[in-house]
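This report walks through a predicted model. Look at the structure first, then read on.

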There are 2 protein chains.
Amino acid sequence: MALGEFDLIEQYFAQVGASPSVKLGVGDDAAVLELPAGRVHLISTDTAVSGVHFLPDSAPNFIAYRAVMAAASDLAAMGAKPEAMLLALTLPEANADWLASFAEGVRCASEHASLPLIGGDTTRGLLSVTVTVLGSALSGQYLTRSGAQPGDRVCVSGTLGDAAAGLFLLEIDDTNVSAADLAFLRQRFLRPTPQLTLGQMLNGLATSAIDVSDGLLADAGHLARLSSVGLIVDPGAIPISAALRAYPDPAQVQEWALRGGDDYELLFTLPSHAKLPDGCTEIGEVIAGSGVRCDGVPNITGYDHFER
Amino acid sequence: MALGEFDLIEQYFAQVGASPSVKLGVGDDAAVLELPAGRVHLISTDTAVSGVHFLPDSAPNFIAYRAVMAAASDLAAMGAKPEAMLLALTLPEANADWLASFAEGVRCASEHASLPLIGGDTTRGLLSVTVTVLGSALSGQYLTRSGAQPGDRVCVSGTLGDAAAGLFLLEIDDTNVSAADLAFLRQRFLRPTPQLTLGQMLNGLATSAIDVSDGLLADAGHLARLSSVGLIVDPGAIPISAALRAYPDPAQVQEWALRGGDDYELLFTLPSHAKLPDGCTEIGEVIAGSGVRCDGVPNITGYDHFER
């Protein structure tokens, strides 16, 4: 078999990161990971499709960076220590410039998220990226969506709505938004930061956690359903960045904060006695019941109505 | 967020298989796998794209079955015990009949390959399936592509070329092929069988292994390169099924056997003293040098010419 363009591609990804846990990386039929005794593996997979999760003409390094960071956010939500990742890339053609930029995004994300690349696959087709991330935690000691208890406080890290605003503002130069705010909001969409350190800190402290990828109300709905509890969210308590607060349409700002996805902050529940970590905000409480209530906000979910 | 069609899809995959290693399956941000002490994880990911790896109008259960089994074959090649899988499915629309058939293929493959489904992602786009498989082995005790030694025998399981012939014959009713042979060859393409049991048996016995997915000569080339040895393959020794031998064009038969992919048999090297497992055939020898030589067969690879 001649060395095809798709064999060449693999050379871009031969050496991205390293870790003592990785016993065998890219190049064999499978990669090998070895954890210290007493630790378990946490695994998640996420696909980003051109035209759905990113604009087709996005810079390749952003596509790669976002895809890896979005996947890594699932490890953050479980309180896991990042261990390694695999990358399945489908693309229409092997363009050297495009690939060099994409590989740079992979390397950058690999470094920032401490996820050495240990395997993958490259296939021809419409552009999409599937990232599988592996993390570790002590046996039985990881965060889930299902542990929230009535009486817990509902908390969130960072600020919400920035990424949705950034996506909206990506292709328009809104004259009502300052250049600095525009840059901040766009970066929040393009270069998300999974809360890996916070997740590991919350491990053993929070009773449940989820990352805000679908939007606050939707993800609160997942948490409520999996924990068999109700959540009350105070719309006035939701943390909004200064850049987003400066946006001239307050109703739109609230909508982004409540329903915008892709912020990759952590939504979690804390027992009443536990100290709120720095950079986090209490936004509501857990009650017996089901669903999510957010005063003044109708139609929170289509299937999981608040019942009290 | 309303319950979209893509949320509904996930219900098809909520409960596929189980295993004591799986501490947390589908439904949270990540799945959790716990192995007995002393075991390592082996991980591989494979994408199948519509129009490249399968025909767009293929039956959905075959698409799913093949995708899982092809991925599982990488675990076989490492001598790993299958533990679990994740499935990232991209599809243009949520059609209930299509999904029911696809899910049946997933369930069937999950059962045959002992791979409970522990996670995944569903996205909208052109049809493709990325399967990530996880296996386990004792620390330091797994097969690789890099251990072949001069003096070892080159061996292969089963028969070769069937799947390539089956793919060729998939859409034509070749009147020179009996109905039984046609059915056999087509099934070899549509329902591949990863050699998971043989792989685990070869673990500790074979010096190197790879699964035959790109074609015998191409995969022999990978083995030679990674092991820094040369391989001599005797074209007359290659095992051919009775169904394929009955095909009226012997030159085409040899071509399929040498270069056809997708058989998912194991190509491996055995020390001279080791007993050849049942159902396997010795087809050559390992020598000092590089590349693959197969007498009478030119242009084996474009980059790794045989040197002696």
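Leu42(A) stands opposite Val32(B), a residue of strand S2 of chain B. That pair belongs to a link between the chains. Strand S3 of chain A and S2(B), residues 31-33, are joined by three bridges. The two strands run antiparallel.

One bridge pairs Ile43(A) with Leu134(A) in S6(A).

## How the two copies are related

Two copies of a chain are related by a rotation about an axis and a shift along it. Here, a rotation of 180° with 0.0 Å of shift along its axis superposes chain A on chain B. The RMSD is 0.0 Å. This is therefore the relation of a two-fold axis. The same surface serves both copies: 98% of the contact residues of chain A recur in chain B. Which residue of chain A comes closest to the rotation axis? Ala37(A) does, with its C-alpha at 3.0 Å.

The contact between the chains involves 59 residues of chain A and 58 residues of chain B. Strand S3 (residues 39-49) of chain A gives the most to chain A's side, with nine residues. By class, the side of chain A that touches chain B has 28 nonpolar, 20 polar and eleven charged residues.

## Two domains in chain A

The domain assignment of chain A gives domain 1 (5-138) and domain 2 (153-294). Taken over C-alpha atoms, 25 Å separate the centres of these two domains of chain A.

The domains also touch. In chain A, 18 residues of domain 1 are in contact with 18 residues of domain 2. Which elements give two or more residues to the domain 1 side? They are helix H2 (60-77) and strand S4 (81-91) of chain A. The largest share, eleven residues, comes from H2(A). By class, the domain 1 side of this contact in chain A has 13 nonpolar, two polar and three charged residues.

H2(A) passes H3(A) in a right-handed crossing. Residues of H2(A) in this contact include Phe62(A), Ile63(A), Tyr65(A) and Met69(A). On the H3(A) side, Trp98(A), Phe102(A), Val106(A) and Cys108(A) are among them. The residues of the contact of H2(A) with H3(A) divide into twelve nonpolar, four polar and one charged.

## A second sheet

Now turn to chain B. An open sheet of six strands there has the order S8-S10-S7-S11-S9-S12, with mixed pairing. Strand S8 (208-211) and strand S12 (291-294) of chain B each have a single partner strand, so one side of each is left without a neighbour in the sheet. The twist averages 25° from one strand to the next.

Strand S9 (residues 230-233) of chain B and S12(B) run parallel, joined by four bridges. Ile232(B) has Arg293(B) as its bridge partner in S12(B). Helix H7 (residues 216-227) of chain B lies across S8, S9, S10 and S12 of chain B. H7(B) runs at about 140° to S12(B).

## Strand S9 in chain A

In chain A, strand S9 (residues 230-233) is joined to strand S11 (residues 280-287) by four bridges, and these strands run antiparallel. Gly230(A) stands opposite Ile287(A) in S11(A).

Four bridges also join S9(A) to strand S12 (residues 291-294) of chain A, and this pair runs parallel. Here Leu231(A) stands opposite Val292(A) in S12(A).

Notes: Residues numbered from 1 in each chain as written. Chains lettered and ligands numbered in written order. Predicted model: local features only at pLDDT ≥ 70, side-chain atom pairs only at ≥ 80, totals over all residues. Pairing = 2+ DSSP bridges. Axes fitted to C-alpha atoms, helices over the stretch in contact; angles between N-to-C directions. Contact = placed C-beta atoms within 7 Å. Least-squares fit on C-alpha atoms with pLDDT ≥ 70 in both. Nonpolar A, V, L, I, M, F, W, Y, C, P; charged D, E, K, R; others polar. Domains from an automatic or database assignment. Left-handed = near helix turned anticlockwise from the far one by under 90°.
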